[in-house]
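Q: I have a model open and want to learn how to read its features. Where do we start?

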Amino acid sequence: MDASQLSWLTATDLARAIRDGAISSEQLVEACLARVREAEPAVQAWQFLDPEHALAQARSRDQDRSAGRSVGPLHGVPVGIKDIFDTCDLPTEDGSVLHAGRTPEADAAAVAMLRAAGAVIMGKTVTTEFAAYTPGKTRNPRNTAHTPGGSSSGSAAAVAAGMVPVALGSQTNGSTIRPASFCGVFGFKPSRGVVPRSGVLRLSRTLDQVGVFARSLEDLALTCEQIAGHREDDPDTRPRARPHLLDVLNQDPPFPPTFAWVRTPMWDSVDADAKEAFAELAGELGGQIVDFELPQTALAALEWHRTIMEAEMAANLDREYEVGHDRLSEPLRAQLERGRALTALEYQRALARISPLNEGFEELFERCDAILTPAAPGTAPQGLESTGSPAFCTLWTLCGMPALSLPLMQGENGLPLGVQLVGPKGGDARLLRAARWLVERVGGGTDRPR
């Protein structure tokens with residue numbers, strides 16, 4: 001196997017090659033580090049990366065295999081970790097000078113489960129400041145003059161640039177789906193409560209959800225199976241069997257799936273080339289797609305989301321605001337101040353809207369397998385001052401529904417244009433299976449940056 005190609009393979013293929021003895025974990029990590037040396041000066045995806053520490057983990061994984069010890073589903077595969085997930089062996093600074101040098105004593109639950117599955121924790125990827133809106137240093141590997149999106153900027157860019165096959169991110173608004181779309185990789189935000197958030201920076205208990213970036217649907221399913229579970233310190237998780245995402249993904253659907261084409265009330269803000277691309281996609285799907293108009297309350301959901309997010313952010317970052325007010329960026333400081341000014345009545349009214357919203361989609365999902373909608377208004381905006389609009393993700397995050405970004409199209413400028421699929425809450429496996437049908441029908445997938 002050509003060592004120069006290893007860093008571009010999928011995690012699924014790499015884990016199989018390591019199990020079969022075709023490659024070693026050390027060879028794979030060396031290949032990924034070589035790609036980092038090549039691409040990182042321009043992309044700047046990593047916040048902390050210690051090559052010797054990554055190689056030491058890989059050698060340990062190889063020794064385990066040679067000694068006949070248990071080999072996990074991700075044995076020897078390097079994974080990038082967004083720098084809001086606690087890691088016991090690497091700093092976790094949350095994208096802020098206020099947390100500089102912070103070194104947790106224990107791993108976040110998702111990180112611990114990745115280690116248990118045999119993964120090598122490659123390093124920490126760049127996040128925006130406190131996973132909010134102020135950009136970090138990362139550039140889009142498809143065109144470094146454009147934003148990679150946020151807040152999971154480094155994770156999306158690292159996968160797109162071939163530095164690592166899989167990376168963890170998070171989503172409180174659009175922080176997984178949007179950067180996946182902008183960088184041209186697969187992104188998945190499972191249903192709220194599937195993956196525990198223990199040891200992850202808390203912005204909003206109501207809205208925070210873990211996400212995954214990868215080069216294939218199989219990689220998303222494989223990785224999410226390993227990090228799904230119940231933790232008592234995350235009260236939104238439940239004791240239940242681990243979801244069989246990979247098995248269902250690889251099953252043929254009983255009949256071709258039907259997609260509800262949802263333009264959303266923000267359709268006027270979509271770029272002209274994106275509108276044309278989605279029209280072509282709808283035409284390609286023919287009878288498998290039906291138009292669905294969201295009720296006007298969907299537009300109000302943007303404000304409900306903002307109320308909940310800013311109120312909970314203000315509470316969770318209260319200490320940071322009190323002791324480091326002058327060292328916060330102006331946009332984050334403004335968010336926290338708006339949150340501090342909200343009344344309990346405003347907050348509780350917004351929370352009360354979530355259950356009726358989910359109930360309103362129940363009939364739709366009895367008729368359709370997934371909602372098809374833009375992941376963003378268009379391709380990654382030029383410039384690095386903003387991470388782009390998350391508005392096309394907000395409603396689904398508020399509802400806690402599973403969402404995917406599929407790299408199926410591109411804009412007139414040649415940059416990726418993601419297709420977002422959304423499923424019913426708890427319908428993660430069914431959503432992945434519908435996505436596989438769509439990818440096979442339309443074609444597409446990740447490629448290398450030019």
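Q: Does Glu310 count as buried or exposed?

A: Start with the ground rules. This is a predicted model, where local features need pLDDT of at least 70, side-chain atom pairs count only at pLDDT 80 or more, and totals for chains, interfaces and linings use all residues. Residues are numbered from 1 along each chain as its sequence is written, and side-chain values use heavy atoms, with hydrogens and water left out. Buried means under 20% relative accessible area, exposed over 50%, partly exposed in between (1.4 Å probe, protein chains only). Glu310 has 4% relative accessibility, so Glu310 counts as buried.

Q: What does Glu310 touch?

A: Contact means heavy atoms within 4.5 Å. Leaving out residues up to four places away in sequence, Glu310 touches Gln335, Arg338 and Gly339.

Q: How is the packing of two helices described?

A: By the angle between their axes and the distance between the axes. Here, helix α9 (residues 272-285) and helix α17 (residues 428-442) pack at about 95 degrees, axes 11 Å apart. Axes are lines fitted to C-alpha atoms, for helices over the stretch in contact, and angles run from 0 to 180 degrees between N-to-C directions. Angles under 35 degrees count as roughly parallel, over 145 as roughly antiparallel, 65 to 115 as roughly perpendicular and the rest as oblique. Therefore α9 and α17 are roughly perpendicular to each other.

Q: Which residues of α9 and α17 meet?

A: From α9 come Leu281, Glu284 and Leu285; from α17, Trp437, Leu438, Arg441 and Val442.

Key
Helix = DSSP H or I, 4+ residues; strand = E, 2+ residues; numbered from the N terminus.
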